[in-house]
Amino acid sequence: MLRRRVATLTLFVAASLACGSVEAQRGETVRDWDAERRRMVEEQLRGRDIRSVRVLDAMLKVPRHLFVPEEQRARAYTDSPLPIGYEQTISQPYIVAFMTEMLRPEPGQRVLEVGTGSGYQAAVLSELGAEVFTIEIVPPLADRARATLQRLGYRKIQVRTGNGYAGWPEHAPYDRIAVTAAPDAVPPALIDQLKIGGLMAIPVGTLFQELRILRRTAGGVETLSTMRVRFVPMTGKPAKP
Ligand SMILES: C[S@@+](CC[C@H](N)C(=O)[O-])C[C@H]1O[C@@H](n2cnc3c(N)ncnc32)[C@H](O)[C@@H]1O
C-alpha cells in the first residue's frame with residue numbers, strides 16, 4: 001500500500017530571502033550560493049514535510065542556480081517555479097523534493113523522466129544514484145539541459161529530444177517514472193514501460209492537476225492522489241487512431 005501523506009504546500013509563498021551574499025574585493029556582490037541552497041533546504045523542504053535525508057542531501061548538492069537562465073539566477077533558490085524560456089518552467093524546489101521523495105529511487109535503479117526542462121530534476125534523481133533517461137520535446141531546451149548536465153559532470157543521465165507520450169521503450173522497463181508536464185490522462189505507454197512494483201509520479205489534469213503516485217501491480221495499477229499542483233501542460237499529444 002502506498003503511504004498517504006498530508007502535503008502542506010503553499011505554492012507561491014513569497015520567500016523572505018535575506019540572500020546570503022558576500023562582498024567581493026572589487027566591490028561587486030558575489031552571492032553565496034551554498035548558503036542560499038542550505039537555506040532553501042532548511043526552510044522550504046525540511047521546514048515543511050520533506051523527511052528523507054537522501055533527498056535533502058541530493059538537493060543540497062545540485063547547484064540549482066546553474067540550471068536557470070542568467071536573468072533568473074538571483075531567484076534560483078526562491079520558493080517558486082521560474083521561467084526557463086520557450087514558455088516553460090523549472091519546478092518549485094518543494095515540488096521537486098516531494099516528487100523525488102514519493103518515488104524514493106534507489107542507487108542503480110533506472111528512472112525515466114518526461115519533461116527534462118532545465119535538467120534540474122534529472123540531476124537530483126542522479127544524485128540519488130539512479131540511472132536517468134530524460135525526454136524533452138522542445139529541442140533547444142533539450143540541448144541546453146544536455147550541455148548543463150555534461151558540464152556539471154552528470155554522466156549517468158541521458159537526454160533525448162522527443163515526445164514523452166511514447167516513453168523511451170529502448171531502455172524500459174523502468175523502476176521509476178517522473179512526469180513533470182501535465183497530460184489530461186496517464187499515457188498508456190508509460191504504464192507499459194513501468195516495472196511491476198515500480199512507481200510513477202504524474203500530474204494529471206488541465207489547468208490545475210492532481211499529483212498522482214501510481215504503483216504498477218501484477219493485476220493493474222494502484223493510485224494515490226497527493227495534492228493539487230500546477231504544471232505546464234504536456235504537449236504533442238498523439239492523434240487518436
Ligand atoms: C515543468 S517543466 C519541467 C521541469 C524540469 N523537470 C526541470 O527540472 O527543469 C515541463 C517540461 O516538459 C516538457 N514537455 C511538455 N510536453 C512534453 C512531451 N510530450 N514530451 C517531453 N517533454 C514535454 C516542456 O517542454 C517542459 O520543458
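Let me start with helix α1, residues 33–46. Helices here are DSSP runs of H or I with at least four residues, strands are runs of E with at least two, and both are numbered from the N terminus. Arg46 and Glu42 both sit in helix α1, four residues apart, which is about one turn of the helix. The two form a salt bridge, with 3.1 Å between the closest N and O atoms. By salt bridge I mean a side-chain nitrogen of Lys or Arg within 4 Å of a carboxyl oxygen of Asp or Glu.

A word on where this comes from. The model is predicted, so local features need pLDDT of at least 70 and side-chain atom pairs count only at pLDDT 80 or more, while totals for chains, interfaces and linings use all residues. Residues are numbered from 1 along each chain as its sequence is written, and side-chain values use heavy atoms, with hydrogens and water left out.

Back to the pair. Are Arg46 and Glu42 exposed, partly exposed or buried? Arg46 is partly exposed, at 39% relative accessible area, and Glu42 is partly exposed, also at 39%. For the cut-offs: buried means under 20% relative accessible area, exposed means over 50%, and partly exposed is in between, using a 1.4 Å probe and protein chains only.

The structure holds eleven salt bridges, and I will go through two others. Arg146 pairs with Asp143, the closest N and O atoms being 3.0 Å apart. Both are in helix α5, residues 139–151, and they are three residues apart, about one turn of the helix. Arg146 is partly exposed at 31% relative accessibility, and Asp143 is partly exposed at 44%.

Next come Lys237 and Asp184, whose side chains meet in a salt bridge at 3.1 Å, N to O.

Now the interior. A nonpolar core is a set of buried Ala, Val, Leu, Ile, Met, Phe, Trp, Tyr and Cys residues joined through side-chain atoms within 4.5 Å. Which members of the largest core touch the most other members? That core has 50 residues, and the answer is Leu45, Ile50, Met59, Phe67 and Tyr120. Helix α3, residues 93–103, supplies the largest share of this core, eight residues. Apart from it lies another core, of 18 residues, including Ile135, Val179, Ala181 and Ile202.

Last, some backbone details. Between Ala172 and Pro173 the peptide bond is cis, with omega near 5°. Pro173 is in the loop between β7 (157–161) and β8.

Another loop, the one between β3 (82–85) and β4 (88–90), contains Tyr86. Phi of Tyr86 is near 60°, a positive value in a residue other than glycine. Glu87 lies in the loop between β3 and β4 as well, and phi of Glu87 is also positive, near 60°. As for accessibility, Tyr86 is partly exposed, with a relative accessible area of 47%, whereas Glu87 is exposed at 78%.
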